[in-house]
Amino acid sequence: MIWILVIVFVICLVLRFPISFALGLACLSYLLVKGTPLIIVPMKMYSGIDVFVLLSVPGFIMAGNLMNQGGLTEKIIAFCNHLLGHIRGGLSLVNIGASMLFAGISGTAISDTASMGSIMIPAMKKEGYDTGFSCAVTAASSTVGPIIPPSVPMIIAATLSGLSVGKLFLAGALPGLLLGIGLLFTAYFISKKKNYPKHKRSSLGEVARGFVDTFWSLLMTFIILYGIIGGIFTPTEASIIAVVYALVIGKFVYRRLNFKNIQVVFLDSMKTSASLMVLVGFANLFGYILITEQIPQTISSEILGFTTNKYVVLLLINLLLIIVGTFMETIAALLILFPILLKVALAVDVDPIHFAVIAVLNLIIGLTTPPVGVCLFVASSIGKISIGEVSKAGLPFLMVSFLVLILVTLFPWFSLALPNLFMD
Amino acid sequence: MLYKTIGRILKYGALISTWGLILTVLLQIFCRFTPIATPSWTEEASRIFFIYAMSFTAGLAMKNDYYVHLDMFYNRFPQRFQRFLVKAIPVITFFLFGVMAIYAIQFIVLGVPEQSPSMGFNMGIAFFSMFIMSVSICYYLWIKIKKNFKNPNL
């Protein structure tokens with residue numbers, strides 16, 4: 001019976017149904033064949049969304065969009081240019097550095113590629129960088145965003161597993177920094193080899209002015225993290241504080257917000273969130289069906305029957321998630337696979353927080369993995385070159401990402417050091 | 001006229017719910033840091049505002065194509081089949097949300113005798129959000145279906 005669920009889901013995905021609707025149709029087909037009362041559809045949709053911590057998703061999206069409306073992207077890029085622009089291949093480093101700072105604001109890789117790419121790719125091309133390299137740097141750097149807090153995939157992982165959002169936010173910070181630093185070094189070495197240009201060194205005054213310009217946005221990330229880690233706010237409250245903070249900064253400091261564009265930003269953020277919540281609702285129904293059919297237990301016992309070696313199990317999970325991550329949106333993949341794979345990981349004594357980081361890292365690296373990584377598509381369409389060229393130029397970055405993934409998988413310290421230090 | 005009115009209802013419904021959500025959570029935070037006792041209903045109210053905000057915007061997200069899909073296989077299909085899919089996908093999706101809308105009514109009826117734990121209102125009101133979500137998505141799918149079938153290029 002479960003095959004109906006899987007087959008309908010795969011067929012709908014291949015035929016280009018939206019992922020959430022593919023999930024809904026697969027569940028509906030299963031329920032119709034099984035003869036289950038269909039009232040379960042709205043019931044599970046409602047209970048899937050009726051989770052307090054999920055309220056933080058639109059909150060963080062709104063805060064990020066409000067900050068962006070205030071011209072934050074340009075300010076962060078300008079600040080990074082003052083800091084890194086004088087090094088060989090300066091703009092590529094600015095691209096990565098800005099993504100790391102922007103990470104705290106946006107939270108999704110695809111939107112990072114689009115917003116950073118639309119500014120950085122034309123600017124890099126203009127200075128003589130290869131288009132393939134410019135697109136590859138943009139796509140690779142945008143994967144840092146969803147792992148550095150505040151991270152929407154981490155909120156979803158927390159919702160699915162009951163783990164602390166604060167702990168998950170902290171757990172993603174070191175792997176995110178490691179990934180960002182790895183990408184910075186890779187871009188530097190490639191730039192040095194290809195003799196890409198560098199800018200003149202900025203004066204201390206220019207750096208200070210750039211810092212003042214971005215200070216308010218960086219402070220928002222600090223407030224969110226300090227509020228959650230310090231036990232002052234719940235993640236939902238922190239997200240709403242971030243919205244109010246972004247409103248005040250956008251209106252009175254950046255002076256770019258008015259009543260009309262606030263409503264536009266709100267509506268836009270809510271549409272993005274609603275498309276995610278329909279997915280969450282159907283994933284809840286999907287999860288319910290999987291549990292009634294005891295699928296997590298079956299998969300878990302199948303894998304554990306094959307091997308009980310923790311590292312082999314993690315290798316298998318990594319491979320599966322990378323493959324899924326290449327063609328499926330991060331949140332959708334997380335919603336479908338995380339609860340099943342968590343059970344397997346727990347059975348071989350992997351810490352759930354460590355596993356959540358591994359899962360998110362895998363899925364976001366998948367976004368830049370050829371041949372179909374979504375961020376590669378976005379970057380190639382901005383740069384107007386083939387995805388093959390971007391993929392080729394992006395291979396060194398992908399190798400570094402895999403290296404970080406291996407380190408994070410093998411050494412739980414990277415994920416657990418900060419949560420243990422601040423929250424235990 | 002109807003198209004504009006429905007769009008406006010959903011837009012203002014979404015904005016009111018969003019502001020409601022923000023203000024309720026702010027009240028919760030404010031009360032925690034002042035001698036005023038935090039009302040017991042703030043968490044429940046914020047969840048209701050959130051669910052309503054999502055329900056009002058789910059249809060608008062449909063209208064503006066916010067739902068992500070995979071393109072990797074679609075581009076390899078013959079053009080004729082692609083044109084068929086453009087017409088068929090909204091019809092099949094309409095069926096999904098049509099079923100959900102019908103059973104959402106049953107869900108509302110089920111909620112009528114129940115009361116919300118802290119606010120004491122009828123749970124049918126909360127469950128009504130699922131009806132709004134499914135009907136609004138159905139409405140914009142219906143518009144899309146009509147447009148697709150009238151389009152001579154499809």
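Residues count as buried under 20% relative accessible area, as exposed over 50%, and as partly exposed in between; the views below show a predicted model, for which the predictor gives the complex an ipTM of 0.95 and a pTM of 0.87.

**View 1. A salt bridge between A:Asp50 and B:Arg47.** With a relative accessible area of 23%, A:Asp50 lies between the two limits and is therefore partly exposed. Its side chain meets that of B:Arg47 at 2.7 Å, N to O, and the pair crosses between chains, from the loop between helix H3 (40-49) and helix H4 (56-69) of chain A to helix H2 (residues 42-63) of chain B. A:Asp50 and B:Arg47 also belong, with B:Glu43, to a network of salt bridges.

**View 2. A salt bridge between B:Arg32 and A:Glu237.** The closest N and O atoms are 2.3 Å apart, and the pair crosses between chains, joining helix H1 of chain B to helix H12 (residues 235-253) of chain A. B:Arg32 is partly exposed at 37% relative accessibility, whereas A:Glu237 is buried, with a relative accessible area of 0%.

View 3. B:Asp65 is exposed at 54% relative accessibility, while B:Lys144, at 25%, is partly exposed.

**View 4. A positive surface patch formed by A:Lys260, B:Lys4, B:Arg8 and B:Lys11.** Helix H1 (residues 2-32) of chain B gives the most to this patch, with three residues. A:Lys260, in helix H13 (residues 259-292) of chain A, is exposed, with a relative accessible area of 66%.

Key: Residues numbered from 1 in each chain as written. Chains lettered and ligands numbered in written order. Predicted model: local features only at pLDDT ≥ 70, side-chain atom pairs only at ≥ 80, totals over all residues. Heavy atoms only, no water. Patch = residues over 30% accessible without salt bridge, like charges linked within 9 Å, V, L, I, M, F, W, Y side chains within 5 Å. Areas by Shrake-Rupley, 256 points an atom, 1.4 Å probe, with all protein chains shown as cover. Salt bridge = Lys/Arg side-chain N within 4 Å of Asp/Glu carboxyl O. Lys, Arg positive; Asp, Glu negative; His and termini not counted. Charge placed at Lys NZ, Arg CZ, Asp CG, Glu CD. Helix = DSSP H or I, 4+ residues; strand = E, 2+ residues; numbered from the N terminus. Buried < 20%, exposed > 50% of the residue type's maximum accessible area, 1.4 Å probe, protein only.
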